[in-house]
Amino acid sequence: MSTEELLVRYRQTTQATERSHYQIIWLLATGKTVNEVAQVTGYTRIWIYQLIKRYNQIIYLPAYSPELQPAERLWPLANEIVANHSPSSLDELEALLVLGCQELMKQHNLISGLTCYHWWPRTREA
């Protein structure tokens, strides 16, 4: 989350605890040290480190979760591009993939059919 997004959330939330958390994370994201944040907010350094740890916690997704990671459904298309070729260098492989991806970009209906789910907000018309 960007510092601007953190600032907006900090200013808009009405719950005191959530507001404090966003303020602390925002201050740290803007370059303040833990000691400076502790002085400004009144929280201890240990508590701030615990908050940082929770904020930076990795969220593991299920092994195959295409609705959460739509690119998962595009890997077979990328694999097709190189399946019947044997590039002799990384540059040749990259060139092959670039050309293949450029062709895929022209197939909007195919891509959106694999990656757009009915519950996603529409950002543009297909």
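## Confidence

The protein chain averages a pLDDT of 82, and 83% of the residues score at least 70. pLDDT is the predictor's confidence in each residue, from 0 to 100. This is a predicted model: local features need pLDDT of at least 70, side-chain atom pairs count only at pLDDT 80 or more, and totals for chains, interfaces and linings use all residues. Residues are numbered from 1 along each chain as its sequence is written, and side-chain values use heavy atoms, with hydrogens and water left out.

Among the elements, α3 has the highest mean pLDDT, at 92. Helix α7 (residues 108-115) has the lowest, at 82.

## Overall make-up

The chain holds seven helices and zero strands. Both are DSSP runs numbered from the N terminus: helices are H or I with at least four residues, strands are E with at least two.

Of the 126 residues, 23% count as buried. Buried means under 20% relative accessible area, exposed over 50%, partly exposed in between (1.4 Å probe, protein chains only). The chain exposes about 9,900 Å², and carbon and sulfur atoms supply 55% of it. Accessible areas come from the Shrake-Rupley method with a 1.4 Å probe; for residues, only the protein chains shown count as cover.

## Nonpolar cores

The largest nonpolar core has 12 residues, including Leu 6, Tyr 10, Tyr 22, Val 37 and Leu 51. Such a core is a set of buried Ala, Val, Leu, Ile, Met, Phe, Trp, Tyr and Cys residues joined through side-chain atoms within 4.5 Å. Helices α1 (3-12), α2 (16-29), α3 (34-41) and α4 (45-55) each supply at least two of its residues. α2 gives the most, with four.

Leaving aside neighbours within four places in sequence, Tyr 22 is in contact with Leu 6, Arg 9 and Tyr 10. Contact means heavy atoms within 4.5 Å.

Val 34, Val 37, Ala 38 and Thr 41 are buried in α3. Seen down the helix axis, the buried residues of α3 fall within an arc of 100°, so they line one face. The arc is that of the directions from the helix axis to the C-beta atoms. These buried residues pack against α2 and α4.

On the other side of α3, Gln 39 and Val 40 are exposed. Gly 42 follows the helix; its phi is positive, near 85°.
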